[in-house]
Amino acid sequence: MYLTKEEEKIYDGELGWAYQISMRILVKLGDLYGAKRLIPIGSAHISGVSYKTINDAPIEFLRALLESGGRVKVKATTNPSGIDYSNPIFTLLPAELIGKQKAIVDLYKEMGIEDSLTCTPYYIEPPKSGTHLSWAESSAVIYANSIFNAWTNREGGPSALASALIGKTPNYGLHMPENRRFSALVKVEAAIRSEADYGALGIYLGKILGNRIPLISGLSSRDEDFLKQMGAAMATSGSVPMFYLGKPETVEAHEIITVENRDIQNVYENLSSALEKPDLIFIGCPHCSLNEIKTIASLIKGRKVKSDVKLWVCTSRFIRKKASDYVRVIEASGGQVICDTCAVVTWLRDLGIDTLMTNSAKTAYYAPLTNKVKVVFSTLKDCMIAACAE
Ligand code: F3S
């Protein structure tokens with residue numbers, strides 16, 4: 001890979017170890033994928049924040065970066081952690097977890113990385129069309145590429161962090177126009193109506209598509225909250241980095257995938273592993289938009305959450321503040337609007353949760369694997385019916 005004189009100096013360690021190791025990570029990645037050069041990025045979004053998901057090993061690495069002078073060169077944001085420190089629920093967790101989680105977030109902050117702690121950083125600052133990014137968090141990547149036409153590969157935590165410190169990313173994959181073309185056509189013949197249907201469709205398609213980009217036709221709505229569910233799910237069961245919507249001009253030379261009602265029904269059946277009553281109703285994977293919080297408030301207004309179930313609505317602090325009127329309605333009904341974390345990246349079993357119900361296909365897919373809980377997957381409306389007393 002070609003490096004400028006300045007980049008070579010960094011590579012050779014003239015600016016210190018933090019920048020040297022970051023440059024070496026990027027060059028290694030670039031060489032692996034055939035990049036010819038580095039390109040500047042508008043922002044980085046860093047995953048690997050929850051202590052539950054990363055454990056101890058990366059903490060020493062982060063500390064070493066900080067101590068050798070590592071500071072970010074571009075705007076950088078963080079994915080959810082394992083704890084909302086403003087919510088007393090999380091004081092039930094062991095003190096060691098609480099302390100380690102705080103240490104991780106503090107290390108990122110000291111490197112100049114924002115403690116946004118959300119998987120929907122695009123609600124805080126939408127990326128501009130055509131901007132190159134280095135984003136980890138697969139649900140944010142597919143949303144940025146497809147909805148904003150920003151350009152990012154699916155980064156891992158370390159490569160997004162390296163890009164944040166250098167301010168650049170290797171030019172390969174989704175940074176190149178020829179790699180952003182669709183290579184499969186999807187004809188949706190199933191009745192896809194709710195946000196959960198969109199998520200189920202995403203799980204079905206992700207398994208078939210792998211890392212290919214689809215052009216999807218036959219969707220009745222382009223509601224961005226629904227598309228967020230579909231994208232997050234496609235990036236979960238597969239590694240789809242981007243999708244297009246619309247009818248193809250020509251169907252030659254592309255695989256055609258037809259989706260029927262029974263395909264979606266099968267996903268619902270496979271994602272639901274529990275028959276019993278849930279302990280937790282979880283909404284907000286990916287983190288809720290203002291509009292989703294408004295919808296939840298309208299569904300719950302004047303009702304009460306049952307005494308034997310918890311309702312969590314997860315979002316960013318930014319959206320929670322903007323939605324303060326709706327938050328009041330949800331909390332008056334007995335729900336919790338939680339920030340900085342989600343049901344997947346916190347220690348659910350330590351919080352006494354064995355069974356959760358969610359409208360998120362991504363959570364329904366992951367939670368039994370990562371949190372060892374049973375899941376009921378259904379629509380937001382059904383979730384609210386299950387949460388509230390008659
Ligand atoms: Fe976000 Fe947690 Fe889902 S990080 S995408 S709410 S698993």
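# Report on a predicted structure

## Naming of helices and strands

Helices (H or I, at least four residues) and strands (E, at least two) are DSSP runs, numbered from the N terminus. The model described here is predicted.

## The ligand and its surroundings

Ten names make up the list of residues around the ligand: Pro80, Cys119, Glu137, Ser139, Gly284, Cys285, Pro286, Cys342, Val344 and Lys362. Sorted by class, this shell has six nonpolar, two polar and two charged residues. The space that the ligand takes is the largest pocket.

Which domains supply the shell around the ligand? Domain 1 (5-177) and domain 3 (273-387) each give at least three residues to the shell.

## A cis peptide bond beside the ligand

Cys285 and Pro286 are both among the residues that surround the ligand. The peptide bond that runs from cysteine 285 to proline 286 is cis, and its omega is near -10 degrees. Proline 286 belongs to the loop between strand E10 (280-283) and helix H11 (290-300).

Strands of a sheet pair through backbone hydrogen bonds, either parallel or antiparallel.

Two of the pairings can be followed bridge by bridge. Strand E7 (residues 214-217) pairs with E8 in the parallel sense over two bridges. Leucine 215 has tyrosine 244 in E8 as its bridge partner. Strand E6 (residues 184-188) also pairs with E7 in the parallel sense, over four bridges. Here valine 186 has isoleucine 216 in E7 as its bridge partner.

Strand E6 has five residues, and four of the five are buried, so E6 is largely enclosed by the rest of the structure.

## Two residues with positive phi

Leucine 117 is not a glycine, yet its phi is positive, at about 50 degrees. Its place is the loop between helix H5 (95-110) and strand E4 (133-135). Residues under 20% relative accessible area count as buried. Leucine 117 has a relative accessible area of 5% and is therefore buried.

Aspartate 340 has a relative accessible area of 8%, so it is buried.

## Distance along the chain and distance in space

Alanine 361 lies in helix H14 (residues 361-370) and is buried, with a relative accessible area of 0%. Alanine 361 and alanine 232 are 129 residues apart along the chain, and their C-alpha atoms are separated by 8.2 Å. Proline 241, in the loop between helix H9 (224-237) and E8, is also buried, at 7% relative accessibility. What separates the C-alpha atoms of proline 241 and glutamate 276, which are 35 residues apart along the chain? The separation is 35 Å.

Lysine 168 is in strand E5 (residues 168-170). With a relative accessible area of 24%, lysine 168 is partly exposed. The C-alpha atoms of lysine 168 and lysine 73 are 8.9 Å apart, although 95 residues separate the two along the chain. Valine 74 lies in the loop between helix H4 (57-67) and strand E3 (75-78). Its relative accessible area is 16%, so valine 74 is buried. From C-alpha to C-alpha, valine 74 and serine 43 are 5.7 Å apart in space and 31 residues apart in sequence.

Note on methods: Residues numbered from 1 in each chain as written. Predicted model: local features only at pLDDT ≥ 70, side-chain atom pairs only at ≥ 80, totals over all residues. Heavy atoms only, no water. Near = heavy atom within 4 Å. 1 Å grid on protein atoms, 1.4 Å probe; cavity = no way out; pocket = protein on both sides within 12 Å on 5 of 7 lines; lining within 4 Å. Sits in = over half its atoms within 2 Å of the grid points. Nonpolar A, V, L, I, M, F, W, Y, C, P; charged D, E, K, R; others polar. Domains from an automatic or database assignment. Pairing = 2+ DSSP bridges. Buried < 20%, exposed > 50% of the residue type's maximum accessible area, 1.4 Å probe, protein only.
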